[in-house]
Amino acid sequence: MSILQIFSPHISPVSLDFQPSAVQHRYPVATNMACMNTVTEEQVREALGTVMDPEIRRPITELKMVDEVSIDGTTVTVTILLTTAGCPLKTTITEQVEAALMEVEGVEKVHVIMGSMNEEQRKALREYLNGGVEERDIPFAQPGSLTRVIAVTSGKGGVGKSSVTANLAAAMAKQGLKVGVVDADIYGFSIPRMMGVEHEPQVIDGMIIPPIAHDVKVMSIGMFVPDGQAVVWRGPMLHRAIQQFLADVFWGDLDVLLLDLPPGTGDVAISIPQLIPSAEILVVTTPQLAAAEVAERAGSIAGQTRQRVVGVVENMSYLPQADGTHLNLFGEGGGSTVAARLSTALGYEVPLLAQIPLDVDLREGGDQGTPVSLTDSPASEVLNELAQKLGHHARGLAGRQLGVTPM
Ligand code: ADP
C-alpha cells in the first residue's frame, strides 16, 4: 500500500467566489487621469513573477499558477490556481500577490480569485518539478548528488536523538544551508512538533511537497499515520515508505538531509544504506556507560553496511551550575567511550563531536516548536558549533567521484 493511500489530508473546498480585501494603495493616488500610466498585462505578469510559492519556492508564474489576468483601468483581477484545493497557504499566497501587484505603477485595486489546478495541470506541474520525467529516483542516491545525508541514530530511546536532529537542522538552515529532515522514527515521531510544523504536506499528482518550518523542509512518518494509532509496518512496507519519503517528496536542491532513525539496529537502519549508500551516521548517546554500550552497537552497524560514522554526540552531558562548574547528573565518559570503541572497531577515527548540556530551554523549545538552537542558551551554543562542523563539509568534493577519466 502506498503511504498516500493511508494519507487522507483534510481538503476544504476552494471558494471560487473568494472575496479579496481591497488593498490600500501605499502611494498618493493621482487624481488627474491624464497623469496615469496604463497598466499593461506584461507589467502585471512581471510583478507576479516575483511571488514565490512558499513551499515549492519557485515563482508562481514558472509553476503556471497564474491563470487569467484582466485589467480594468486601475483595477487588476488575477486568477491564481492553487496546486491543491485545500492548500493551507492560500492566505499567504493571496497576500503576496496583492502586495506585488500594488507595487505596479498605476494599480489601485487588486482582486485575487483563487481556483485550483485540474488533474492535467497538476500532472504537468509534477512532471516539471521532476525535471520532465514521469518517475523519480532517489535524488540523494545519484552519483552526482552534492547533498550530504546524515542518519542520526542512538542505542535506545530518550537520549535526545530527535532533539539533536531538529536543532541541528534549524541551526544549519540559520547558517544558510538548504536543509531537509526525514523523521523515520516510527516508534516516536516527534520531529514535526519539535520543528513547529503547522500543517500536513500537500500532494500534487503523487508528489509530496514537504511543509517548511524554520526554513527546513520536514517530512515525518507521523504525517501519514492517523492520530493515536501505532505504526505496525514491518520490513518491506517500512522500506517502501522510506523509499517514498526519499523519492516522491519534492526536496529541491538540498545541502544537507538529516534522517532521524528509530533507536537501535532495526529495519529502518538497514534500509537507509540500501537506499542511500553514501549516507553517513551520527551517533547520539548520554554519558552513562550503560547507554554507551547500546550506542556502540547502533554505530557499529556501519561496519557491515559500509557507511561512515561521522562522529558521536554526547547529550545531557552535565548541568551547568551558577558558579560555572558542571554537575555530571548522568555520570560521565559515555561519549568518549563510544567514540574510542567505534574508532577501534571501524579502523578510522570517530571523533566525539559535541557534549550538549542539560538545558530546560532545549526541552521547552522542543515542546513549543522553536528549536533552542535558534535562541541563546548553553545548549544552543554547543548545537550551533556542531552544526558548523557538520555543515561545513556539506557540498564538499573531498572523497567524491568527480566522473572524470584520467588521461
Ligand atoms: P529521543 O529522540 O532519543 O527519544 P528526544 O529528543 O525525544 O529523545 O528527547 C527526550 C526528552 O528529553 C524530550 O522531552 C527532550 O526535550 C528532552 N531533552 C533532550 N535533550 C535534552 C537536554 N540536553 N536538556 C534538557 N532536555 C532534553
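**Reading a predicted model: loops, burial and helix packing**

Modeller: His214 has a relative accessible area of 32%, so this residue is partly exposed. The classes are buried (under 20% relative accessible area), exposed (over 50%) and partly exposed in between, with a 1.4 Å probe and protein chains only. This is a predicted model, in which local features need pLDDT of at least 70 and side-chain atom pairs count only at pLDDT 80 or more, while totals for chains, interfaces and linings use all residues. Residues are numbered from 1 along each chain as its sequence is written, and side-chain values use heavy atoms, with hydrogens and water left out.

Biologist: Where is the place of His214?

Modeller: His214 sits in the loop that runs between strand S8 (212–213) and strand S9 (216–220). Helices (H or I, at least four residues) and strands (E, at least two) are DSSP runs, numbered from the N terminus.

Biologist: Is phi of His214 positive or negative?

Modeller: Most residues other than glycine have a negative phi. In His214 phi is positive, near 50 degrees. Met316 also has a positive phi, near 60 degrees, and lies in the loop between strand S12 (309–315) and strand S13 (319–320).

Biologist: How many helices and strands are in the protein?

Modeller: The protein has twelve helices and 15 strands. Of its 407 residues, 49% count as buried. Its accessible surface is about 19,400 Å², and carbon and sulfur atoms hold 51% of that; the areas come from the Shrake-Rupley method with a 1.4 Å probe, and for residues only the protein chains shown count as cover.

Biologist: Which residues does Lys161 contact, leaving aside its neighbours within four places in sequence?

Modeller: Contact means heavy atoms within 4.5 Å. With those neighbours left aside, the partners of Lys161 include Asp185, Asp260, Leu261, Pro262 and Val284. Lys161 belongs to helix H5 (residues 161–174) and is buried, at a relative accessible area of 5%.

Biologist: Which residues does Ala269 touch, not counting those up to four places away in sequence?

Modeller: On that count Ala269 touches Leu261, Gly264 and Ile301. Ala269 is in helix H8 (residues 267–275) and is buried, with a relative accessible area of 10%. Ile301 is 32 residues from Ala269 along the chain, and their C-alpha atoms are 8.4 Å apart. For the whole protein, of the contacts between residues at least 6 apart in sequence, 76% join residues at least 24 apart.

Biologist: At what angle do H5 and helix H12 pack?

Modeller: Axes are lines fitted to C-alpha atoms, for helices over the stretch in contact, and angles run from 0 to 180 degrees between N-to-C directions. H5 and H12 (residues 378–392) pack at about 70 degrees, with axes 9 Å apart. H5 is therefore roughly perpendicular to H12; angles under 35 degrees count as roughly parallel, over 145 as roughly antiparallel, 65 to 115 as roughly perpendicular and the rest as oblique. Among the residues that meet are Val164, Leu168 and Met172 in H5, and Leu383, Leu386 and Leu390 in H12. The contact of H5 with H12 has eight nonpolar, three polar and one charged residues. Here Ala, Val, Leu, Ile, Met, Phe, Trp, Tyr, Cys and Pro count as nonpolar, Asp, Glu, Lys and Arg as charged, and the others, Gly among them, as polar.

Biologist: How far apart are the axes of helix H2 and helix H3?

Modeller: The axes of H2 (residues 41–48) and H3 (residues 90–102) are 9 Å apart, and the helices pack at about 135 degrees. H2 and H3 are therefore oblique to each other. Val44, Ala47 and Leu48 of H2 meet Val97, Ala100 and Leu101 of H3. This contact of H2 with H3 has six nonpolar residues, and no polar or charged ones.
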